[in-house]
Amino acid sequence: MTDETESRHDRIRHHPTPGPGNSLADWTRARNPLRVAISYVVVWLIRISPSLRLKRWLLRRLGATVGPGVSWGLEATPDVFWPELITVEREAIVGYDATILCHEFLSDEYRTGEVRIGERAMIGAGAIVLPGVEIGANARVAANSLVTRDVPPDTTVAGVPAEPMGTDDGETASDDS
């Protein structure tokens, strides 16, 4: 993780939308349509393949940085437009139907940001991780959570937006991110 005073918004690149339309309507200026089409097919294969070895290999072919022993769940979706901005470190788990986004198309701009998932971190089923987020080593994201900010190492977060869960002694974990 980076300096604790830095947020995901500090790591996101802003790209203004040219002209009067919204940024999604103009996506072909942001990325080559052929590259996105190929990524889409490869992402589809990643989502349905039961082979973790094949998933890691395909993710690396898309440009993602994937450490050894990473487990990528069925139906989990890497970013189709900017998969090269994803880093998943050694032994991390991305659960069933989780989504890792490295872009946001907005009205007046689109944004891109690297997503880093630390060593032995766990992303629960159906969770969504937004661009620019860093998830620390051994951190856990509960199922169906929306991760809008960094998750410190050894922290469990849950909810929409994801917030730190209480500790075993009943106190709430602090969130300095």
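Guide: Let's start with the outward side: the face of H3 turned away from its buried side carries Leu-34 and Tyr-40, both exposed. Here exposed means over 50% relative accessible area, buried means under 20%, and partly exposed is in between (1.4 Å probe, protein chains only). Keep in mind that this is a predicted model, where local features need pLDDT of at least 70 and side-chain atom pairs count only at pLDDT 80 or more, while totals for chains, interfaces and linings use all residues. Residues are numbered from 1 along each chain as its sequence is written, and side-chain values use heavy atoms, with hydrogens and water left out.

The buried residues of H3 are Val-36, Ser-39, Val-42, Val-43 and Ile-46. They sit on the same side of H3 because they cover an arc of only 130° around the axis, the arc being that of the directions from the helix axis to the C-beta atoms. What do these buried residues of H3 pack against? Their partners are helix H2 (27–30), helix H4 (52–62), strand E3 (71–72) and strand E4 (77–78). Those labels come from DSSP runs, numbered from the N terminus: helices (H or I) have at least four residues and strands (E) at least two.

As for its length, H3 runs over residues 33–48, which makes 16 residues. From first C-alpha to last it reaches 23 Å, close to the 22 Å expected at 1.5 Å a residue; that expected span is 1.5 Å times one less than the number of residues.

Have a look at the N-terminal end of H3 too. Asn-32 caps it, with a side-chain oxygen 2.7 Å from the backbone nitrogen of Leu-34. That's a polar contact: a pair of N or O atoms within 3.5 Å, where, within protein, one must be able to donate a hydrogen and the other to accept it, and residues adjacent in sequence count only if both atoms are side-chain atoms.

Next, follow E4 onward. In the loop between E4 and strand E5 (86–88) you'll find Asp-79. A polar atom of the Asp-79 side chain lies 2.9 Å from the backbone nitrogen of Phe-81. Asp-79 is also in contact (heavy atoms within 4.5 Å) with Ile-86, Ile-100, Leu-101, Cys-102 and His-103, leaving aside its neighbours within four places in sequence.
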